[in-house]
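Please look through the sequence and the model below before reading on.

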Amino acid sequence: MEANNNNNSSQSQSQQLEDEDRLSMLTDDILLSILGRVSTRLAATTCVLSTRWRHLPWLLPEVMIDVKDFLSVTCPDPVETNDMEKAMVSLTKAARSFLADHQRGCTISSLHLKLYLINTFLCEVGPLICDAVDSRLLKELDLSVLDETDILDCSDEDMLQRAQEIYSFFSAYPSVPHCLTKLTLYNVGFDKLDMHHVLFDCCKQLKHLILVHCDSGICSLFKIDAPNSNLCVLNIYKCRFEIIEVVCLPKLEKFLWNTWVSNYAPVTFGFVPSLGELELSCGSSCDQREFKLSELLHGVTGLHTLTLDFQGENLWLQPEIEELFTAFNKLRKLSIRGIFVEFDILWTMAFLVAAPSIEILHIEVWEHSCDVEARVDSFLDRRTPQWEMRLNGSENRLLKHLEFTGFKSLQQQFAFIRSVLERSPNMQKIVLRGDEQCKYCDALGESPCPSKFPKKKVEQEMVAKQIRHGTFSPEIIFEE
């Protein structure tokens, strides 16, 4: 018996060695492709596997160093200052290792760096990046300056302090902003600084900017006039600007704004010839007034993808059709999300009339258990949209794909889908999905409401029959 166990153990070890040898026989290109799919910290640990692997982490063209990879598994949530400092010690060591000129086997095309704003460590990380840039070891930097403070707990003083520390960091190490191609900031208040200067004059190579709860004061104006900017993507999340005036951003391709405080249209566009994708997402509060989408899109001529998310609240748009023809002339994909489950959906047909070139339509219906707990008093009572439909006899001949998330076999949903089919003689596929998972609903710990999504084959056949209702038969797919 013991001899058999020893035999099995030997065979297992031999098989393991053989598998390792097979892996080591792969070329560097293949191994680097594998390592490039995991965190840099994990990639670095592979150098202990064998001498064959030892040099590989320092050949990676893209390096990702995330401070959260160095946090203890048992650290509390939110992360405490002591845990941040310990993680930053490890991050600094990792940066020093990967940016050491004598160890690198190739140039770093892009460094993705996520760190905490702690001056002690920035004074070490800053020179490392500068040296790497100046020696042409590093080409591009993707920097995320993280903050664990909840937006509701973040004071104006804290935001001002963070802005000053970031500006001091950029000033002390000018090669850092010069090689920045992507920047993500959290909880930064530029009230006492020139926000435009910091983000556009200092960061001349910036292509992607993400601002989370950042501004220059409550209900402030942020005017962007940067004709020489390379910015392609601008993502605004829960920032307290009254309005953003995009006067000139010639290379801007994508603009996203999630949750604004303005009572009116939150953004205006001037010279944005490259803008093709726009996403606006907000729950309408008591103080918000409806605005015309056509006025917001004035001057936008190349829009091909539009997402509107009402987050289960009342619409913040005024009814219109003809006024949208110019802005929607090249629209190919339209997503209308967060429509409260009890609302009629036929008002969305106005967009189909105004968008003759649309190819993909996505509708999402909103029904959340967390609404009862999380919905605040600042929201008005929900009221179904009252849009007068003056639908002309035109058709959406290019519309071939309809996606419907939150499908529940309700009559208003059947009526909407059939109306879309009547306008879309070349429809090829309809995808019906159940509700998307919500972490806030899950956190309530209550039993979810019984699903109204058709799961059984007989139910799905009945739904398909009601949808087709004697019309042509596009493919209907059910995805729970």
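The model is predicted, so to speak of it with care, local features are taken at pLDDT of at least 70 and side-chain atom pairs at pLDDT 80 or more, while totals for chains, interfaces and linings use all residues. Residues are numbered from 1 along each chain as its sequence is written, and side-chain values rest on heavy atoms, with hydrogens and water left out.

Strand β4 covers residues 180–186, where strands (E, at least two residues) and helices (H or I, at least four residues) are DSSP runs numbered from the N terminus. Five of the seven residues of β4 are buried, that is, they have under 20% relative accessible area with a 1.4 Å probe and protein chains only. Strand β3 (residues 138–146) runs parallel to β4 and is joined to it by five bridges, two strands being paired if DSSP finds at least two bridges between them; in this pairing L141 has L180 of β4 as its bridge partner. Five bridges also join β4 to the parallel strand β5 (residues 208–212), and here T184 stands opposite I210.

Together with helix α8 (residues 195–201), β4 and β5 make a right-handed β-α-β unit: with the strands pointing away from the viewer, the path from the first strand over the helix to the second runs clockwise.

Strand β8 (residues 241–248) is joined to β10 by four bridges, and V246 has F269 of β10 as its bridge partner.

Key:
Buried means under 20% relative accessible area, exposed over 50%, partly exposed in between (1.4 Å probe, protein chains only).
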